[in-house]
Amino acid sequence: MSNNVSVVQDKKKYYIAMVCCLTGNFLWGFSYLLTRTAQQYAIPAVQLSIRFILTFVIMSIMLLFKPSLVSLKGKNIRHLLIIGFMMPLFYYCESSGVYYTNSSFASLALTLVPVLALVAAAILLKEYPTRRQVFFSFFPVVGVILITLANSEMGSVTTIGIVILALACLVSTGNRIINRKWAADFTAWERTYVTFGAGALVFTIVALISVGGDLSHYTNALKEPEFLVSTALMSVFCSIVGNTLVNYSFIYLPVIKSASVGAVSTITATLLGIIFLHEPINAMSVTGSILAIVGIWQVTKVVQAKKDAVPAVESPEE
C-alpha cells in the first residue's frame with residue numbers, strides 16, 4: 001500500500017513539474033520577440049544589462065517583503081554561484097545569436113540541446129535514455145540542418161550567428177546538468193535570484209566596456225516606450241516567472257526531458273517571429289520545424305504501462 005501511495009505521489013510531482021516546465025518554456029518563447037524588439041534601441045549587452053538589473057531589483061523588493069524566500073544556512077554557496085554565473089553566459093550567447101540571425105532560427109537551433117543533454121546526462125548523471133529517446137533525439141538535428149539551409153538561402157543567417165548559437169547550446173546543456181545535480185540543495189527562487197544577480201553584474205560590466213562608459217546608451221534606450229515595455233515584460237514573465245517554473249521542474253524531471261520541452265518555446269517563438277516580425281519561412285524550414293517538434297515530443301513522451309501489466313513501483317520518468 002505504501003509503495004502504491006509513493007508511486008502516486010511521485011507521478012503527481014512529475015506531472016506538476018512537467019506543467020511548470022511547459023509553462024516556463026512557453027513564456028520563454030516570447031523572449032525572442034521581445035529581445036528582437038528591444039534590440040532596435042540598444043545593443044545586446046546594454047539590453048541584457050537593463051533587463052537583468054530590472055529583474056534583480058524586482059526580486060530584491062520581493063525579498064524585502066518576504067525574507068524567507070532565501071535561506072542559505074548550511075548550504076554550499078559555491079554551487080549556487082556556479083549555477084548563477086552559467087546563465088549569464090547562455091543569455092549573452094542567445095541574445096547575440098538572435099541579433100546575428102533571427103528569432104525563428106535561433107529558437108530552433110537551440111533544439112540541439114536535448115541531444116547534447118542526452119549524452120551529457122548519461123555520462124555525468126547516469127540518466128540513461130531509452131532506445132526510443134535516442135532514435136527520436138536525432139530528429140531535431142536533421143530539422144535544424146534543413147532550417148539552416150533554408151534561412152541561409154534567404155540571407156537571414158550569418159556564420160557568426162551560427163557559431164554563437166552553437167556555443168549557446170553547449171552552455172545550456174552544462175547549465176541543465178548542474179541545475180539537475182544541485183536542484184535539491186537550493187529552492188527554485190534562490191537559483192533564479194542568484195542567476196539574475198550574477199547576470200546584472202556581468203552584463204553591466206560587459207555593457208559599460210562595450211560602450212566605453214558612455215551612459216547615453218542606457219538613457220537613450222530607456223526613453224523609448226517600446227524598449228521599456230518589452231524589457232519589463234521580459235523581466236517579469238520570461239525571467240522571474242519563467243525561470244522559477246523551469247528551475248522548479250529540474251528537481252523532478254530528468255535532464256533529457258526538461259531540455260526537450262524546449263520545443264514549446266520553439267513553437268511559440270517561431271510563430272511570433274513569423275506573425276509579428278514577418279520573418280521568412282518556406283517549405284524547407286516548415287519541414288525542419290516539424291521534424292524538430294516531432295522528435296522532441298517523442299523524447300518527452302511518457303510511455304504508459306499496458307493495462308494487463310503488473311504495476312511497478314517506479315518513477316514516471318523512466
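Author: In this predicted model, helix α5 (residues 113-125) and helix α8 (residues 159-182) have axes that come within 9 Å and cross at roughly 40°. Helices here are DSSP runs (H or I, at least four residues), numbered from the N terminus, and axes are lines fitted to C-alpha atoms over the stretch in contact, with angles running from 0 to 180 degrees between N-to-C directions. Because of that angle, α5 is oblique to α8, a word left for the rest once angles under 35 degrees count as roughly parallel, over 145 as roughly antiparallel and 65 to 115 as roughly perpendicular. The crossing of α5 past α8 is right-handed, which is said when the near helix is turned clockwise from the far one by less than a right angle.

On the α5 side, Val 113, Leu 116, Ala 117, Ala 120, Ala 121, Leu 124 and Leu 125 meet residues of α8, among them Cys 169, Leu 170, Ile 177 and Lys 181, where contact means heavy atoms within 4.5 Å. By class, the residues of this contact between α5 and α8 are ten nonpolar, two polar and three charged; Ala, Val, Leu, Ile, Met, Phe, Trp, Tyr, Cys and Pro count as nonpolar, Asp, Glu, Lys and Arg as charged, and the others, Gly among them, as polar.

As for the numbering and the model, residues are counted from 1 along each chain as its sequence is written, and local features need pLDDT of at least 70. Side-chain atom pairs count only at pLDDT 80 or more, while totals for chains, interfaces and linings use all residues, and side-chain values use heavy atoms, with hydrogens and water left out.

Key. Helix = DSSP H or I, 4+ residues; strand = E, 2+ residues; numbered from the N terminus.
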